[in-house]
Amino acid sequence: MGEQSDRQWWRDAVIYEVYPRSFADADGDGTGDLAGVLSRLDHLVELGVDAIWCTPWYASPMADGGYDVADYRAIDPAFGTLADAERLITEALTRGIRTIVDVVPNHVSAQHPWFQAALAAAPGSPERARFWFRPGRGDGGTEMPTRWRSEFGGDTWTRTKNADGTPGEWYLHLFSADQPDLNWSHPDVRREHEDVLRFWFDRGVAGVRIDSAALLVKDPALPEVPAEPGPGEHPAVDRDDLHDIYRGWRAVADSYPGERILVGEIWLPDVERFVRYLRPDELHTAFNFDFLARPWDAEQLRASIDATLAAHAPVGAPATWVLSNHDVTRPVTRYGRADSSFAFTAKRAGTPTDLALGTRRARAAALLTAALPGSLYLYQGDELGLPEHEGLDDDLRRDPMFLRSGGVDPGREGCRVPLPWSGDAPPFGFGPADATAPTWLPQPADWAELTVEAQVGDPRSMLALYRAALRIRRAELNGVEGMSWLPSAAGVLAFDRGSAFRCVVNLSAQPVPLPPHTAVLLVSTPLQDGALPADAAAWLRTGIDQ
Ligand code: NOJ
């Protein structure tokens with residue numbers, strides 16, 4: 001990448017999330033792999049993305065889809081080899097696409113050598129000091145050290161056995177028992193992760209997505225969670241000491257040429273606390289989940305946009321716009337429901353869903369988010385308008401959210417189904433033509449119209465809309481700062497970017513007239529007698545006389 005393209009590319013980049021297990025399968029074993037991603041780079045070039053973020057590709061028992069890492073410097077054999085990763089990073093870059101890797105610092109796999117050594121060592125040993133081992137409370141230590149609830153539901157402590165088979169200490173895991181939490185006050189932990197960053201930056205990655213970035217530090221006194229924790233008062237969330245860790249990481253990133261970035265996965269309701277992670281010597285950006293969680297409602301979305309931009313301005317960091325990822329219900333499904341908000345605690349699986357309406361709204365939402373100032377995240381398959389796969393058999397579900405809730409929570413497999421590339425029936429070109437192994441999750445039989453092949457030739461398809469939107473965005477909006485709202489009717493969002501670009505989104509139930517413009521650049525749904533229909537968006541050219 002030349003000096004010109006090294007400008008602060010991340011401030012308005014379009015970043016495409018690749019879930020390698022489900023993107024494309026080159027070796028025909030039913031599981032996606034890095035050679036598969038390499039073989040499909042043209043799709044991403046045609047789509048017009050600036051970077052890919054690959055979810056964990058490291059050696060892992062896959063208890064949590066790879067977010068249980070056994071070796072941060074090795075590629076899981078199911079995905080390929082380190083040489084495949086290096087080839088992908090290089091080849092993508094020659095096509096103008098940067099690569100962002102996913103680093104998981106809060107926890108490791110229970111199979112990680114550090115944890116295995118800790119289990120084998122005695123209480124109080126240096127091996128155990130890298131984790132949170134504690135004796136239990138009460139008689140015989142039978143009660144867990146705290147009653148914290150896991151992010152996946154259920155308990156956060158699991159009891160170990162001593163060498164003689166008697167019950168031993170407990171260890172902390174904010175997620176599943178297969179994901180023991182690291183102790184971030186231990187110098188080994190800090191040193192090791194800075195080294196892992198260098199390992200991947202040395203291989204040319206442009207950035208790092210930081211998993212569960214607000215959870216790493218715990219209050220060493222391990223108190224119970226207060227009934228209503230104030231800012232910074234939760235014993236395991238958003239602790240002030242985190243900032244020093246990220247300042248160290250930023251120094252590592254800044255020691256490399258070419259604007260290497262740190263992107264935080266930070267779920268925090270308090271936007272003021274959220275942007276503290278984005279101060280100039282900390283992370284570059286963080287995912288804006290507030291926007292993602294809002295329902296399809298003009299006032300709600302506007303409130304989120306305003307709060308986001310206002311909070312980011314003082315720290316000088318760009319906002320991010322995210323409609324979905326590998327953890328949340330697909331937008332086409334979400335927006336087709338009476339309650340279109342998102343919450344982990346209420347996924348509303350199986351509630352009535354109007355997919356035609358959801359698709360129409362997801363198209364409008366695509367134009368809304370792609371027009372906002374900041375960087376844009378796009379999850380694989382959303383460019384095809386894939387719905388959530390709600391018909392998966394329960395016995396195929398392995399997600400800890402499903403397993404730990406006893407099946408009450410459907411889990412996240414429904415948005416992780418292998419992509420449909422071509423053909424009329426599963427596996428829709430996911431693997432080579434002669435592959436006989438079934439895809440690791442079955443695809444719905446009725447996805448023939450959703451394949452890349454079917455959509456490429458159809459100007460009304462979701463893929464055609466995304467391709468056009470990203471092309472126009474790159475030409476018209478890169479480098480354009482800020483936005484300004486226009487007066488608009490209730491249920492309508494209208495704003496300008498710069499002096500020649502206008503976006504209008506109709507979330508009301510009636511068609512509305514378009515605001516003044518000199519040309520229509522793109523619509524999510526055809527205009528009706530010149531008016532913008534309900535649940536539709538338009539991008540307009542405006543002139544100096546408007
Ligand atoms: C967030 C990741 O996106 C999710 O998939 C994972 O289960 C948790 N962090 C735990 O690593």
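This is a predicted model: local features need pLDDT of at least 70, side-chain atom pairs count only at pLDDT 80 or more; totals for chains, interfaces and linings use all residues.
Local features need pLDDT of at least 70 and side-chain atom pairs count only at pLDDT 80 or more, while totals for chains, interfaces and linings use all residues. Residues are numbered from 1 along each chain as its sequence is written, and side-chain values use heavy atoms, with hydrogens and water left out.

Let's start with the ligand. It is surrounded by 13 residues, and D64, D211, H326, D327 and R412 are the closest (a residue is near if one of its heavy atoms lies within 4 Å). Sorted by class, this shell holds seven charged, three polar and three nonpolar residues; here Asp, Glu, Lys and Arg count as charged, Ala, Val, Leu, Ile, Met, Phe, Trp, Tyr, Cys and Pro as nonpolar, and the others, Gly among them, as polar. The side chain of D327 has an N or O atom 2.5 Å from a ligand oxygen, and for H107 the distance from such an atom to a ligand oxygen is 3.0 Å. On its own the ligand has 300 Å² of accessible area, and the protein covers 97% of that (Shrake-Rupley method, 1.4 Å probe).

Next comes strand β20, residues 536–541 (strands are DSSP runs of E, at least two residues, and helices are runs of H or I, at least four, numbered from the N terminus). Five of its six residues are buried, so the strand is largely enclosed by the rest of the structure; buried means under 20% relative accessible area, exposed over 50%, and partly exposed in between, with a 1.4 Å probe and protein chains only. Strand β16 runs antiparallel to β20 and is joined to it by six bridges, with C503 partnered by W539. Strand β18 is antiparallel to β20 too, through four bridges, and V523 stands opposite A538. Strands pair if DSSP finds at least two bridges between them.

As for salt bridges (a side-chain nitrogen of Lys or Arg within 4 Å of a carboxyl oxygen of Asp or Glu), the count comes to 41. In one of them, R130 and D188 have their closest N and O atoms 3.0 Å apart. R130 sits in the loop between α4 and β6 and D188 in helix α5, so the pair ties together parts 58 residues apart in sequence. Both R130 and D188 are buried.

Key
A polar contact is a pair of N or O atoms within 3.5 Å; within protein, one must be able to donate a hydrogen and the other to accept it, and residues adjacent in sequence count only if both atoms are side-chain atoms.
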